[in-house]
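Hello,

Here is the structure I promised to pass on. Please open it alongside this message; my notes follow below.

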Amino acid sequence: MPHLPIHTQVVIVGAGQAGLSVAYFLKRFELEPGVDFVVLDRGPRPGGAWQHRWSALTLGSAHRVADLPGMDQLGLSFATADHHRPAKEVVDEYYGRYEDHFGLQVFRPVEVMSVFNRGADLVVNARVPDEHDPDYREEIVTRLLVNASGTWRAPFVPYVPGIRDFAGEQLHTSGYRSADDYRDKSVVVVGGGTSAIGFLLELEGVAGALAWATRRPVDFSDDEKLTTEGGVRAVAAQDEAARAGLPLPSIVHATAVAKTRRIAGGIERGVLVARPMFTRIERDGVRWPDGSFTRADVIIWATGFRPELRHLAPLRLHNPGGGVTVQNGAAAADPRIFLAGYGPQASTIGANRAGRAVARQVIAAL
């Protein structure tokens with residue numbers, strides 16, 4: 001990989017859906033990739049967080065993957081892709097072709113370690129590949145920064161009494177690879193979203209025993225797809241929290257879980273029957289609110305993620321509410337920082353549309 005540019009006008013951190021969407025529109029607004037703006041991505045391959053997903057997650061069983069802006073120019077659409085293929089493979093292929101077609105010149109694997117002030121400029125300190133020094137760093141001085149780092153590296157696991165006493169295996173969604181890893185084991189899955197449900201359905205007939213715990217009752221929708229009303233509610237809740245600088249709420253709590261035929265079948269077979277969250281973890285299992293006990297070899301925490309913003313800590317963007325106040329994609333505490341794919345722009349609900357809006361604000365700020 002060539003050295004990073006020393007100076008640029010805009011750095012985009014992350015080449016997932018949000019980052020590529022912003023990059024696409026910046027190029028349309030006649031900024032030159034690799035010169036006027038630079039895209040940094042820590043993943044070894046294209047695809048954003050999708051490249052880290054487990055192979056059993058196909059396009060047919062995943063959340064809808066939205067097309068990137070301009071993807072139709074390549075004759076590509078996730079809607080017409082093979083839904084039996086692993087989602088990670090399809091997204092890798094399509095994103096890679098997209099980056100090449102539009103010449104976005106993504107630098108990878110590059111991990112942004114910190115962003116700090118140097119006078120009126122921002123300095124991006126990044127770890128880049130070097131065969132002689134695994135911690136080799138380079139710096140880019142920039143006027144503006146678009147953070148599109150997503151959430152994959154910031155898993156959330158709630159505290160439960162006894163969590164450190166468990167003798168079995170605990171893992172988060174980000175560490176799940178295959179149901180075969182848990183063959184004949186007693187598994188407790190925690191979480192009320194589609195990842196938890198997917199794990200339960202994959203583990204059915206593989207694990208020796210399954211139990212499902214949720215912190216809130218699961219709201220199943222009879223619609224097989226996310227409804228417009230549910231999407232509007234989710235965006236509104238995210239926008240309200242982002243503007244107030246509060247921790248962002250879960251998307252699924254506003255949209256409910258679509259009852260696809262696969263999920264309906266799991267409900268009918270008694271696989272998808274959730275119990276209220278256990279009150280304590282013991283050495284060899286979990287204790288439920290009614291006092292009963294379930295032995296467990298494995299606890300899978302499908303409890304979501306938080307925005308990954310640690311590299312922005314030197315800029316002190318967080319407020320006492322626990323979040324970052326974001327209005328129209330820009331950080332209220334520092335107008336040089338734009339957060340793409342954050343709050344109402346998260347997931348496929350708003351990231352593409354927000355790419356144009358963030359890019360326009362970037363152009364206006366320049």
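**Notes on the model**

At 46% relative accessibility, glutamine 105 counts as partly exposed. The model is a predicted one, so please read every value below as computed. Glutamine 105 sits in the loop between α2 and β3. Its phi is near 55°, a positive value in a residue other than glycine.

**Overall make-up**

The protein chain has 366 residues, and buried residues make up 52% of them. It holds seven helices and 19 strands. Take the contacts in the chain with a separation of 6 or more: residues 24 or more positions apart account for 67% of these.

**The α1/α2 pair**

Start with helix α1 (residues 17–28) and helix α2 (residues 87–102). Their axes come within 11 Å and cross at roughly 15°. The cut-off for roughly parallel is an angle under 35 degrees, so α1 counts as roughly parallel to α2. The crossing of α1 past α2 is left-handed.

Which residues make the contact? From α1 come Gln17, Leu20, Tyr24 and Lys27. From α2 come Tyr95, Tyr98, Glu99 and Phe102. By class, the residues of this contact divide into five nonpolar, one polar and two charged.

Glutamate 99 deserves a look of its own. It belongs to helix α2. Is glutamate 99 buried or exposed? Its relative accessible area is 7%, so it counts as buried. Leave aside its neighbours within four places in sequence, and glutamate 99 is in contact with Ala15, Leu20, Pro46, Leu104, Val106 and Arg108. Leu20 is also one of the α1 residues in the helix contact.

A cis peptide bond joins arginine 108 and proline 109, with omega about -10°. Proline 109 is in the loop between β3 (106–107) and β4 (111–118).

**Strands β1 and β2**

Strand β1 (residues 7–13) pairs with β2 in the parallel sense, over four bridges. Valine 11 has valine 38 of β2 as its bridge partner.

In a regular strand, side chains alternate between the two faces of the sheet. Now look at strand β2 (residues 37–40), which is covered on both faces. Phe37 and Val39 are buried on one side. Val38 and Leu40 are buried on the other.

**The five-stranded sheet**

Five strands form an open, parallel sheet in the order β7-β16-β8-β9-β12. Its edge strands are β7 (169–172) and β12 (275–276), each pairing on one side only. Strand β9 (residues 209–214) pairs with β12 in the parallel sense over two bridges. There, threonine 214 has proline 276 of β12 as its bridge partner.

Helix α3 (residues 194–203) lies across β8 (186–190), β9 and β16 (298–301). It runs at about 170° to β9.

Which residues of α6 are buried? They include Ile263, Ala264, Gly265 and Gly266. After α6 comes glycine 270, with a positive phi near 85°.

**The three-stranded sheet**

A second open sheet runs in the order β13-β14-β15, with antiparallel pairing. β13 (280–282) and β15 (293–295) stand at the edges. Each has a single partner strand, so one side of each is left without a neighbour in the sheet. The twist from one strand to the next averages 20°.

β13 and strand β14 (residues 285–287) pair in the antiparallel sense over three bridges. In this pairing, the bridge partner of arginine 280 is arginine 287 of β14.

**One more backbone point**

Arginine 316 is in the loop between β16 and β17 (326–327). It has a positive phi of about 55°, although it is not a glycine. Its relative accessible area is 72%, so arginine 316 counts as exposed. Glutamine 105, with its own positive phi, is partly exposed.

Best wishes

Key. Residues numbered from 1 in each chain as written. Predicted model: local features only at pLDDT ≥ 70, side-chain atom pairs only at ≥ 80, totals over all residues. Heavy atoms only, no water. Pairing = 2+ DSSP bridges. Contact = heavy atoms within 4.5 Å. Axes fitted to C-alpha atoms, helices over the stretch in contact; angles between N-to-C directions. Parallel < 35°, antiparallel > 145°, perpendicular 65-115°, else oblique. Left-handed = near helix turned anticlockwise from the far one by under 90°. Nonpolar A, V, L, I, M, F, W, Y, C, P; charged D, E, K, R; others polar. Buried < 20%, exposed > 50% of the residue type's maximum accessible area, 1.4 Å probe, protein only.
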